[in-house]
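Subject: Structure handover

Hello,

Here is the structure for your work. My notes on it follow below.

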Amino acid sequence: MIDIFSFLPSNRKQTSSGWVSFNAPCCIHNGDSQDKRKRGGIKSNDDGWSYHCFNCGYTTSFILGRNLSIKARNLLTWLNVPQEEIERINLESMRHRSIDGMLYDREKRQVADQLAGVRFKEFPLPKDSVLLDEEEHPMQFTYILHRNAPIDYPYMIRSSDGVHWTRPHVMIPFTYDNVIVGSTTRFLDGKQPVWINDFQPGYVFGTDLQKHNWQYVIVTEGIFDALSIDGLALMHNTVNDKQAKLIRNIGKEIIVVPDQDKAGLELIDRAVELRWAVSIPIWPEGIKDVNDAVCKLGKVATLLTILQAKETSKIKIEIGKQRLVKRLRS
Ligand SMILES: [Zn+2]
């Protein structure tokens, strides 16, 4: 049997509610200071355990019969569990794989998210929405291709004859933990409004697009920026506290790529405040955001320009910002 408790620091205490608390090992990896007040807690349950840090907000859980998530692996690594041991735990877990283990355990995930304070109401799509179909909706399909967005994303079309829905459009459902929690619609006829958004405060698009073995999470402003680079979209030019918590909770190195316009300058300041890396690549003339770059340079080349221009030092980010201000003026 897998005994997580044998890996915990010896300086720990058991609470009456079943949590074992100890100095959290996660905070220093998430931009927070070292926890000295035993704010990391782990609790075992019938088929695994969950971890929650009350200092930096890191959460993860493990369910016997399922693969160790990247966040659970991170935690074990930070607890100095050797890599071979982590692999052994994973193998042991997979030997307990059952239908139950393979089913998506939504209830447990929601508990973890509630602990992190990040959750969204499920939001069923309107009844008249249908999946975008290449043959039935060639104009909309061409638009998706033209924006270099992945064609396997479940784009939708609304079929009713409401005020807006007779206009050509593409609706992009928003998911969080693979549950639909909102949407945005892009109209394609050049008339106003261009967008209709329907999302909950603190939402960040793209968390479900992230892969566990990726080192970085790329934070952009717009939905097509995020779709074209497999990043996140803030849906505006700042990061509110709930969004910051959610993005940190992904457990990757964060790179903010602002739009190269006046509004983007505000996002740079906010990223510095959050101590996140910022990338302001010097792209060829006419490219002002990630999606433009992917359309003109391709995805891999754009990713390279982002990584090359990544800065973590406040001074260097400021220099990059001033250079951008100058370019915007000229
Ligand atoms: Zn922590």
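Is Ser-33 buried or exposed? Ser-33 counts as exposed, at 54% relative accessibility. The cut-offs: buried is under 20% relative accessible area, exposed is over 50%, and partly exposed lies in between, with a 1.4 Å probe and protein chains only.

First, the ground rules. This is a predicted model, so local features need pLDDT of at least 70 and side-chain atom pairs count only at pLDDT 80 or more, while totals for chains, interfaces and linings use all residues. Residues are numbered from 1 along each chain as its sequence is written, and side-chain values use heavy atoms, with hydrogens and water left out.

**Ser-33**

Ser-33 sits in the loop between S2 and S3. Helices (H or I, at least four residues) and strands (E, at least two) are DSSP runs, numbered from the N terminus. Leaving aside neighbours within four places in sequence, Ser-33 is in contact with Cys-27, Ile-28 and Asn-55. Contact means heavy atoms within 4.5 Å. Phe-174 is 141 residues away along the chain, and 33 Å separates the C-alpha atoms of Ser-33 and Phe-174.

**Zinc site**

One of those contacts, Cys-27, is also a zinc donor. The protein donors are the SG atoms of Cys-26, Cys-27, Cys-53 and Cys-56, at 2.3 to 2.4 Å from the zinc ion. Donors are N, O and S atoms within 2.8 Å of the metal (3.2 Å for Na, K and Ca); water is not among the atoms, so sites may look incomplete. The angles among the 4 donor atoms run from 101 to 124°, and the site is tetrahedral. For four donors, that label requires all angles to lie between 85 and 135 degrees.

The donor spacing in sequence is C-C-x25-C-x2-C. Cys-27 and Cys-56 link distant parts of the chain, 29 residues apart. Cys-27 is in the loop between strand S2 (20-22) and strand S3 (40-45). Cys-56 is in the loop between strand S4 (48-53) and strand S5 (59-63). Cys-27 counts as buried because its relative accessibility is 0%. Cys-56 is buried too, at 11%.

**Helix pairs**

Two packed helices are described by the angle between their axes and the distance between the axes. Axes are lines fitted to C-alpha atoms, for helices over the stretch in contact, and angles run from 0 to 180 degrees between N-to-C directions.

Helix H1 (residues 70-78) and helix H2 (residues 83-94) have axes that come within 10 Å and cross at roughly 140°. That makes H1 oblique to H2. Under 35 degrees counts as roughly parallel, over 145 as roughly antiparallel, 65 to 115 as roughly perpendicular, and the rest as oblique. From H1, Arg-73, Leu-76 and Thr-77 meet Gln-83, Ile-86, Glu-87, Ile-89 and Asn-90 of H2.

Helix H8 (residues 262-273) and helix H11 (residues 314-329) pack at about 175°, with axes 11 Å apart. H8 and H11 are therefore roughly antiparallel. Among the residues making the contact are Leu-265 and Ile-268 of H8, and Ile-317 and Leu-324 of H11.

**Backbone points to check**

- Asn-80 has a positive phi, near 65°, in a residue other than glycine. Asn-80 lies in the loop between H1 and H2 and is exposed, at 67%.
- Met-235 also has a positive phi, near 70°. Met-235 is in the loop between strand S12 (232-233) and helix H7 (241-249) and is buried, at 18%.
- The peptide bond from Gln-192 to Pro-193 is cis, with omega near -10°. Pro-193 is in the loop between strand S9 (179-187) and strand S10 (195-198).

Best wishes

How values were computed. Tetrahedral: all angles 85-135°; square planar, octahedral: opposite > 155°, others 65-115°.
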